[in-house]
Amino acid sequence: MLSRLFAPKVKVSAHCDLPCGVYDPAQARIEAESVKAVQEKMAGNDDPHFQARATVIKEQRAELAKHHVSVLWSDYFKAPHFEKYPELHQLVNDTLKALSAAKASTDPATGQKALDYIEQISKIFWETKQA
């Protein structure tokens with residue numbers, strides 16, 4: 001009797017963890033923009049305390065960007081997307097590698113490279129949302 005009482009009344013389904021609308025590559029872009037901004041600030045300040053704090057922040061933001069890209073890859077993009085965009089697997093891998101490079105570097109060019117890759121993912125993401 002209790003099992004019937006607590007049984008779901010309505011069944012729903014979605015191609016991702018929740019009905020779409022919760023995923024957005026902007027989250028990765030914002031974190032990657034922070035990485036690049038910190039890299040630029042590090043170039044203009046040689047105070048060792050500032051450098052240490054900036055390094056921690058840069059590395060945290062790079063990890064957050066990697067997380068957001070990984071979530072898009074694992075939770076949002078599905079087989080039909082990979083069929084339509086066969087470059088998507090490699091693009092995600094390149095993006096994650098670029099974010100790792102930016103995490104390890106103080107050169108803003110590495111941050112920009114990661115942003116460029118995220119922009120490519122964003123373009124594909126929004127094309128899939130139109131379909």
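At roughly what angle do the axes of helix H2 and helix H3 cross, and within what distance do they come? To find out in this predicted model, select residues 26-43 for helix H2 and residues 48-76 for helix H3, whose axes come within 8 Å and cross at roughly 160°. Because angles over 145 degrees count as roughly antiparallel, H2 and H3 are roughly antiparallel to each other, and H2 passes H3 in a left-handed crossing.

Next, show the side chains between the two helices. On H2, select Gln27, Ala28, Glu31, Ala32, Ser34, Val35, Val38, Gln39, Lys41 and Met42, which meet a set of H3 residues that includes Phe50, Ala54, Ile57, Arg61, Leu64, His68 and Val69. Sorted by class, this contact of H2 with H3 has 12 nonpolar, 6 polar and 4 charged residues.

Now turn to the aromatic rings, where a search of the whole structure finds 5 aromatic pairs. Select Tyr76 and Phe77, whose ring centres are 5.2 Å apart and whose planes stand at 75°, so that the pair is edge-to-face. Tyr76 is buried, with a relative accessible area of 2%, and Phe77 is also buried, with a relative accessible area of 2%.

Move on to Phe125 and Trp126, whose ring centres are 4.9 Å apart with their planes at 90°, so this pair too is edge-to-face. Here Phe125 is buried, with a relative accessible area of 0%, whereas Trp126 is partly exposed, with a relative accessible area of 38%.

Methods
Residues are numbered from 1 along each chain as its sequence is written. This is a predicted model: local features need pLDDT of at least 70, side-chain atom pairs count only at pLDDT 80 or more; totals for chains, interfaces and linings use all residues. Side-chain values use heavy atoms; hydrogens and water are left out. Axes are lines fitted to C-alpha atoms, for helices over the stretch in contact, and angles run from 0 to 180 degrees between N-to-C directions. Helices (H or I, at least four residues) and strands (E, at least two) are DSSP runs, numbered from the N terminus. Angles under 35 degrees count as roughly parallel, over 145 as roughly antiparallel, 65 to 115 as roughly perpendicular and the rest as oblique. A crossing is left-handed if the near helix is turned anticlockwise from the far one by less than a right angle, and right-handed if clockwise. Contact means heavy atoms within 4.5 Å. Ala, Val, Leu, Ile, Met, Phe, Trp, Tyr, Cys and Pro count as nonpolar, Asp, Glu, Lys and Arg as charged, and the others, Gly among them, as polar. Rings of Phe, Tyr and Trp (its six-membered ring) pair if their centres lie within 6.5 Å; planes under 30 degrees apart count as stacked, over 60 as edge-to-face and the rest as tilted. Buried means under 20% relative accessible area, exposed over 50%, partly exposed in between (1.4 Å probe, protein chains only).
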